[in-house]
Amino acid sequence: MSAVFLDILRYKFTDHAKTQVIFGRLNAWASDIGLPGLFAHTGLFSQYVIGSIELLASTLLVVGILPRLRHLQAAGALAGFLVMAGAVSFHLFTPLGVDPNHDGGGLFMAACINLGASALMLGVFRRREFGQFLLRVAAIFAPASPAMARS
C-alpha cells in the first residue's frame, strides 16, 4: 500500500498534467453541483490535501511495522481506506470515469487494490490493533472520569 501511495505522490506534488486533468474534471463536476473550488489547488480536497493524507498513511504503515507501534499501522490502513474509498467512489460516480488518463484504468485498479488491501489489513491482520487505536482516539474525545482513573 505504501509503495502505491508514495509512487502516486510524484504526480500530485509536482502538479503533473495527469493530476491536473483528474482534479480539473472533479472540480468542474463539483462546480456543477454547487461546490466550486472543492478540488481546486486550494480546495478542501485538492491534490495536495489528498497527497498529504496518502503520505501520512504511508508513514504510519511503515512505522507500524515495529511491534510496539502496530496500532499506527492500523491508523495508516484506516487513512488509506478512507482516501481510497473516496477515490474509487469518485471514479465510479462522477464524470471522472475509470480511465481518465487513458492508461487502461491503471489508476483506478491501483485504487481498488489499495482499498482492498486496507480493508483486509483493518479487518483481518490488524483487527486487534485497530480496536486499540479506536480506544486511544476515543480516550482523547471522552477522557475517563477522575474516579475511574484512580482505580
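**Reading rings and a helix**

Guide: Phenylalanine 45 is partly exposed, with a relative accessible area of 36%.

Visitor: What does partly exposed mean here?

Guide: The label goes by relative accessible area: under 20% is buried, over 50% is exposed, and in between is partly exposed (1.4 Å probe, protein chains only). Phenylalanine 39 has 5% and is buried, and phenylalanine 90, at 25%, is partly exposed. The model is predicted, so local features need pLDDT of at least 70 and side-chain atom pairs pLDDT 80 or more, while totals for chains, interfaces and linings use all residues. Residues are numbered from 1 along each chain as its sequence is written, and side-chain values use heavy atoms, leaving out hydrogens and water.

Visitor: How many aromatic pairs are there?

Guide: Rings of Phe, Tyr and Trp (its six-membered ring) pair if their centres lie within 6.5 Å; planes under 30 degrees apart are stacked, over 60 edge-to-face, and the rest tilted. The count here is 3 aromatic pairs. In one of them, phenylalanine 39 and phenylalanine 45, the ring centres are 6.1 Å apart and the planes meet at 35°, so this pair is tilted.

Visitor: Which class does the pair of phenylalanine 39 and phenylalanine 90 fall into?

Guide: Edge-to-face, because the planes of phenylalanine 39 and phenylalanine 90 stand at 85°, with the ring centres 5.3 Å apart. Phenylalanine 39 sits in the loop between helix 2 and helix 3, and phenylalanine 90 in helix 4, so the pair ties together parts 51 residues apart in sequence. Helices are DSSP runs (H or I, at least four residues), numbered from the N terminus.

Visitor: Which residues do the ring pairs link into a cluster?

Guide: The cluster holds Trp29, Phe39, Phe45 and Phe90.

Visitor: Now a helix. Which residues of helix 1 are buried?

Guide: In helix 1, Ser2, Phe5, Ile8, Leu9 and Lys12 are buried. These residues cover an arc of only 135° around the axis, which puts them on the same side of helix 1. The arc is taken from the directions that run from the helix axis to the C-beta atoms.

Visitor: What do the buried residues of helix 1 pack against?

Guide: The buried residues of helix 1 pack against helix 2, helix 3, helix 4 and helix 5. Contact here means heavy atoms within 4.5 Å.

Note on methods. Helices (H or I, at least four residues) and strands (E, at least two) are DSSP runs, numbered from the N terminus.
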